[in-house]
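Subject: Structure handover

Hello,

Here is the structure we talked about. Please open it and keep it in view while you read my notes below.

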Amino acid sequence: MIFRQLYDATSSTYTYLLGDEDSREAMLIDPVFEQVQRDLALVRELKLDLKLVVDTHAHADHITAAWVLKQKTGCLIASGEAVEAENVDIPIKDGQSFGVTNLSLQARSTPGHTSGCMTYVLEDKSKAFTGDALLIRGCGRSDFQQGDPARLYQSINEQIFTLPDDCTIYPAHDYNGRTCTSVAEEKEFNARVGGNSNEHDFVGYMNAMQLPHPKKIDEALPNNLRSGKPEDGKLPEEQDWADLRMTLAGFPEVEPEWVIQNQPSVMILDVRDENESVEPELKGLDNLLHIPLDQLRDRVGEVPTDKPVVTLCRSGKRSSLAISILKEAGHDKVANVRGGMLQWPTTQ
């Protein structure tokens with residue numbers, strides 16, 4: 001199985017990518033609206049086909065990317081039936097199995113944080129994705145969205161703590177940089193529900209908490225009840241001056257063929273060294289500017305601002321750094337030529 005844990009620093013949210021090595025089909029758990037380009041970049045770089053996005057519950061601190069990802073990839077949307085969210089293709093019930101080719105999860109209903117919380121368990125019970133029901137040394141709050149501390153205590157003990165002790169727990173959030181835990185660890189060390197805690201202890205603890213209202217709940221909840229579809233039904237605006245593809249490293253890229261076909265509407269910035277040969281393929285192009293990378297910061301004022309700029313080098317590595325330098329200087333329409341001259345067509 002291909003497995004990646006991704007993090008959104010603003011909401012402290014974990015997104016999980018699970019993919020099958022043979023079929024190349026994949027799913028995302030708890031994707032974040034602002035991280036769509038990152039997630040799509042990873043799927044593309046790993047040569048996966050995103051088939052499914054699934055949320056563990058209706059989040060109060062961020063907006064899900066489920067609907068946007070469906071528009072961009074054609075994937076299906078899944079979430080707990082009890083959430084009653086719109087635009088869901090697969091409403092998940094307790095005990096239901098779902099997933100992609102060769103990769104199956106079983107759903108366990110774990111209400112208490114919200115009424116619609118689900119925990120998803122890998123078929124071999126080696127991994128469980130607990131959403132906010134069980135966190136690392138903690139758990140989700142139970143004071144809004146039909147939360148109920150008694151139900152949460154029962155959910156954790158009956159649905160999560162009955163998994164094998166060595167089952168790795170992957171929560172939807174962590175605010176201290178911790179990445180995962182295990183059933184055995186949480187049984188013993190969880191500050192709210194572990195050790196010798198009983199339901200009375202747990203309910204008393206949860207009822208005594210005085211937490212501030214989630215900052216984004218008034219925006220997040222109605223959007224999440226539409227599976228992340230904006231109220232106006234429109235996709236978020238993106239730069240459309242080129243056929244851009246974002247890399248997981250955070251750099252926008254264009255294909256060499258696009259650059260050739262769209263000359264002279266862009267400026268090509270060649271950042272190779274002075275002693276590197278200039279290929280014949282470049283000599284006939286309009287708007288070609290050569291500034292070696294080690295001189296670019298001092299000479300960035302020479303780069304015209306009236307056209308988008310695409311950066312180029314031998315392999316596309318040095319020219320990706322040029323993107324950062326240009327952005328720092330105020331250029332907003334910039335992209336790296338994917339693969340550099342190694343991918344450049346030998347004939348035009």
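Aspartate 243 is partly exposed, with a relative accessible area of 42%. On this scale, buried means under 20% relative accessible area, exposed means over 50%, and partly exposed is in between (1.4 Å probe, protein chains only). This is a predicted model: local features need pLDDT of at least 70, side-chain atom pairs count only at pLDDT 80 or more, and totals for chains, interfaces and linings use all residues. Residues are numbered from 1 along each chain as its sequence is written, and side-chain values use heavy atoms, with hydrogens and water left out.

Back to aspartate 243. The loop between α6 (217-224) and β13 holds aspartate 243. Helices (H or I, at least four residues) and strands (E, at least two) are DSSP runs, numbered from the N terminus. What does aspartate 243 touch, leaving out residues up to four places away in sequence? The contacts are Glu253, Val254 and Trp258. Contact here means heavy atoms within 4.5 Å. The side chain of aspartate 243 also makes a polar contact of 2.8 Å with the side chain of arginine 245. A polar contact is a pair of N or O atoms within 3.5 Å; within protein, one must be able to donate a hydrogen and the other to accept it, and residues adjacent in sequence count only if both atoms are side-chain atoms. Valine 259 is 16 residues away from aspartate 243 in sequence, and their C-alpha atoms are 9.8 Å apart.

Pockets

Next, the open spaces. On a 1 Å grid over the protein atoms alone, a pocket is an open set of points with protein on both sides within 12 Å along at least five of seven lines, while a cavity is a set of points where a 1.4 Å probe fits but cannot get out; lining residues have an atom within 4 Å of a point. Grid points are joined across faces, edges and corners, and a volume is the space filled by probe spheres set on the points.

The largest pocket has about 760 Å³ of space. Its lining has 36 residues, and Ser11, Asp61, Arg141, His173 and Tyr175 lie nearest the centre. Twelve of the lining residues are nonpolar, 13 polar and eleven charged. Ala, Val, Leu, Ile, Met, Phe, Trp, Tyr, Cys and Pro count as nonpolar, Asp, Glu, Lys and Arg as charged, and the others, Gly among them, as polar.

The second largest pocket holds about 420 Å³. It is lined by 17 residues, with Gln37, Glu238, Leu244, Arg245 and Met246 closest to its centre. Which elements supply at least two residues each to this lining? They are α1 (36-45), α2 (66-73) and β13 (245-246). The largest share, three residues, comes from α1. By type, the lining of the second largest pocket has six nonpolar, three polar and eight charged residues.

Cavities

How many cavities of 30 Å³ or more are there? The count is two. The largest cavity has a volume of about 90 Å³. It has 13 lining residues, and Asp55, His57, Ser79, Ala85 and Asn224 lie nearest its centre. Six are nonpolar, six polar and one charged. The second largest cavity has about 50 Å³ of space. Arg141, Ser142, Asp143, Met206, Met209 and Leu211 line it.

Strand β15

Now find strand β15 (residues 267-270). Met267 and Leu269 point one way, Ile268 and Asp270 point the other way, and all are buried. Four bridges join β15 in parallel to strand β17 (residues 309-312). Three bridges join β15 to strand β16 (residues 288-290), also in parallel. Two strands pair if DSSP finds at least two bridges between them. Aspartate 270 is bridged to leucine 312 in β17 and to histidine 290 in β16.

Backbone points

Most residues other than glycine have a negative phi, and most peptide bonds are trans. Serine 12 has a positive phi, near 55°. Serine 12 is buried, at 10% relative accessible area. Glutamine 146 also has a positive phi, about 60°, but glutamine 146 is exposed, at 59%. The peptide bond from glutamine 263 to proline 264 is cis, with omega near 5°. Proline 264 sits in the loop between α7 (256-261) and β15.

Best wishes
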